[in-house]
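Good morning, and thank you for joining. I would like to walk through one structure today, beginning with a single side chain and ending with the sheet and its helices.

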Amino acid sequence: MWYFLIKQATLGIAQHRELQRRATGAEVELFNEPYENWYVFLVEKDDYSAFMDHLDRAGIAYDLTTDRPTREEMLAGMR
C-alpha cells in the first residue's frame with residue numbers, strides 16, 4: 001500500500017473527487033491554525049504508477065510514503 005499526502009488547499013473539488021475515484025481509500029487529517037489540512041490517499045501497489053502519473057500530469061504536489069504517517073509525524077513535518 002502507498003500513501004499519497006496532498007495538502008487540502010491545493011485541490012479543487014473536481015480534482016479531489018477524481019483522486020478519490022482512483023484511490024483505494026481516502027482520509028482527511030484536520031489540523032488547527034496555523035497548520036494545513038491534508039488528504040491521505042491510499043493506493044494499492046499495482047495502481048501506484050498510474051496514480052502518480054495522474055498527479056504529475058495534473059501538476060499536483062504530493063508526498064509519498066509506504067507507511068501511513070501518524071498525526072504526530074505529520075504535525076512534526078509542518079513545524
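In what follows, a residue is called buried when its relative accessible area is under 20%. Please keep in mind that this is a predicted model.

Let me begin with H54. Is H54 buried or exposed? Its relative accessible area is 15%, and H54 is therefore buried. The residue belongs to helix α2, which covers residues 48-58. If we set aside neighbours within four places in sequence, the contacts of H54 are E18, L19 and R22.

I turn now to strand β3, residues 38-43. Why can we describe β3 as largely enclosed by the rest of the structure? Because six of its six residues are buried. In a regular strand, side chains alternate between the two faces of the sheet. Both faces of β3 are covered: on one side W38, V40 and L42 are buried, and on the other Y39, F41 and V43 are buried as well.

Which strands pair with β3? Strand β1, residues 2-7, runs antiparallel to β3 and is joined to it by six bridges; within this pairing, K7 stands opposite W38. Strand β2, residues 25-29, is also antiparallel to β3, with five bridges between them. Here E27 stands opposite V40.

Next, the sheet as a whole. It is an open sheet of four strands in the order β2-β3-β1-β4, and the pairing is antiparallel. β2 and β4 are the edge strands, each pairing on one side only. On average, neighbouring strands are turned by 20° against each other, direction ignored.

Finally, the helices on this sheet. Helix α2 packs on the sheet and touches β1, β3 and β4, and its direction makes about 15° with that of β1. Helix α3, residues 71-78, packs on the sheet too, touching β1, β2 and β3; the direction of α3 makes about 125° with that of β3.

Key. Residues are numbered from 1 along each chain as its sequence is written. This is a predicted model: local features need pLDDT of at least 70, side-chain atom pairs count only at pLDDT 80 or more; totals for chains, interfaces and linings use all residues. Side-chain values use heavy atoms; hydrogens and water are left out. Helices (H or I, at least four residues) and strands (E, at least two) are DSSP runs, numbered from the N terminus. Buried means under 20% relative accessible area, exposed over 50%, partly exposed in between (1.4 Å probe, protein chains only). Contact means heavy atoms within 4.5 Å. Two strands pair if DSSP finds at least two bridges between them. Axes are lines fitted to C-alpha atoms, for helices over the stretch in contact, and angles run from 0 to 180 degrees between N-to-C directions.
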